[in-house]
Amino acid sequence: MPSSRSSKLVRVALAAAIAASGAVATTALTVATAATAHATSAVDGQISRNEVIARAQYWLGKSIPYNQNGTYTDSSGRAYRTDCSGYVSMAWHLGSSLSTQTLPGVATEIPRSDLKAGDILNSFYDHVILFEKWDDTAHTTFSYYSFGSTPVKHVTGVSINAATFDSHPNGDYKAYRYNKIVDGSTGGASGPNRIAQAVTNTNQVHLFVVGADGRIYERDGDYAAHSWSSWTPWLDLTNVSSVAASSTGNTVHLFAVSNGQLFERDGNYDTHAWSAWVPWDRTGVQALTIASTGNTVHLFTVENGQIFERDGDYSNGSWSAWNQWSDTSSISAVTAASTGNTVHLFASGSGGQLFERDGNYDTHLWSSWVPWDRTNVKTLSLASHDSQVHLFEAENGALNERDGDYSNGSWSSWTPWSDSDIVSVSASMTGNELHLFTMTSTGQITEKDGNYSTGSWSPSYPWGTVGQ
């Protein structure tokens, strides 16, 4: 349990690593299955398009051998046949592996022009592919997932008029939609980070929320003027499952996961200009978080349950290579914040166990993982100012807070909040005031503000829902 004593131990371990060998101190951390965050549907139950794509990506990159007599499990351990129709059955979270002849029995034929993420193109006697997205607004090219041979493949830029799809005649395919698929979320949030914030100009907060329609909505607040803008819908990115935001100066760096693909967009709030979305070389992203130290941002993604890190210096436009953290597996949620040049990273692991690890970017050394006394952790958020951090976590929907001062290694006791049914939480600071946003499983957003100079909190402000 990270009491004052154990927090000091973190820094002792870090200092020992610096003095003894100059190497990063590491310990093995096995930390819920890779796609736990997406498992919001029941077997044979209603399922969102986001979750279908997330489930499809769970088999991607695993080198699973194609075998009509073999099986492989989804993230919860249910086995599905390792062929094209077994793959679709897994993605749709069906109770058993259907065939190309029986899949139409749980689906409805649709025009090809209506294809959306999670629909299929099915050749009755031969093959089936899982539609991901249209690659252009004219609906002439598209991307899909397929398991027609080893391994599972993600194919992009295919003409809808091509002679063949996956080596089978175009004309043999019909478009189908699973009868229980829905456009919105089936459980409020399909990922652990459905709300994100960034602070610029000391007192301006930029709030980003993923609505039930899978699109990003932004609202900007000036806490000096006590004013908020209206919601602005971002229509140019769909099927978003996670967002993370940070700032360097007056520029906000927004990262989003759409159909498992990582994208970045940067907004300059001096000029009110945003860049276009830039796709990154990461797919199958299940969660992400970001922290800043000066002009450098530290981006952490979770892919197949493992943490990947990349650091970007926005003063010179340079980024490091991706670093895969070999001592992590089965991560389900992450959050990070900085005090000075030290980043504090919290992760939810096996059984929802909470862990902390601290990295000093002056020395480029990280402490070992330290286990905390929390389990069943589903969502996390961390806010910092000066040497103090404020950690919020929800266990089975119940919100709890703990506050730490890294200047003296002390932590408060856990404070349970009355808030319940919390599926996403986001916290940020303007000076000594913390702005806490929570989202329930129905998409209800609430704000509450705490002044850590006076120890007082405002009443809860309901914000309603977006993207319905």
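I began with confidence: pLDDT is the predictor's confidence in each residue, from 0 to 100. The protein averages a pLDDT of 85, and 89% of the residues score at least 70. Residues 1-39 have a pLDDT below 50, yet this stretch has 100 contacts in the model beyond near neighbours in sequence; contact means heavy atoms within 4.5 Å. Residues 185-192 are also below 50, with 35 such contacts. I note that where pLDDT is low, the predicted coordinates should not be read in detail.

I recorded the conventions next. This is a predicted model, in which local features need pLDDT of at least 70 and side-chain atom pairs count only at pLDDT 80 or more, whereas totals for chains, interfaces and linings use all residues. Residues are numbered from 1 along each chain as its sequence is written, and side-chain values use heavy atoms, with hydrogens and water left out.

Buried means under 20% relative accessible area, exposed over 50%, and partly exposed in between (1.4 Å probe, protein chains only). The core has 29 residues, of which Trp59, Tyr87, Trp92, Leu103, Ile120 and Leu130 touch the most other members. Helix H2 (49-58), helix H3 (84-91), strand S7 (127-134) and strand S12 (173-178) each supply at least two residues. H3 gives the most, with five residues. Helices (H or I, at least four residues) and strands (E, at least two) are DSSP runs, numbered from the N terminus.

I then listed the contacts of Ile120. Setting aside residues up to four places away in sequence, Ile120 touches, among others, Val88, Trp92, Leu103, Leu130, Phe131 and Tyr176.

I checked burial along H3: eight of its eight residues are buried, so the helix is largely enclosed by the rest of the structure. Its buried residues pack against strand S2 (47-48), H2, S4, strand S6 (120-123), S7 and strand S8 (141-146). His93 follows H3 and has a positive phi, near 60 degrees.

I followed Arg81, which lies in strand S4 (residues 79-82). Arg81 is buried, at a relative accessible area of 18%. Its side chain makes a polar contact of 2.8 Å with that of Ser85. For this term I took a pair of N or O atoms within 3.5 Å; within protein, one must be able to donate a hydrogen and the other to accept it, and residues adjacent in sequence count only if both atoms are side-chain atoms. A polar atom of the Arg81 side chain lies 2.5 Å from the backbone oxygen of Leu98.

**Aromatic rings**

I searched the whole structure and found 41 aromatic pairs. Rings of Phe, Tyr and Trp (its six-membered ring) pair if their centres lie within 6.5 Å; planes under 30 degrees apart count as stacked, over 60 as edge-to-face and the rest as tilted. Trp372 and Trp411 pair edge-to-face, 4.7 Å centre to centre, with 90 degrees between the planes. Trp372 lies in the loop between strand S34 (370-371) and strand S35 (377-385) and Trp411 in strand S38 (residues 410-411), so the pair ties together parts that are 39 residues apart in sequence. Trp372 is buried at 3% relative accessibility, and Trp411 is buried at 11%.

Key: A nonpolar core is a set of buried Ala, Val, Leu, Ile, Met, Phe, Trp, Tyr and Cys residues joined through side-chain atoms within 4.5 Å.
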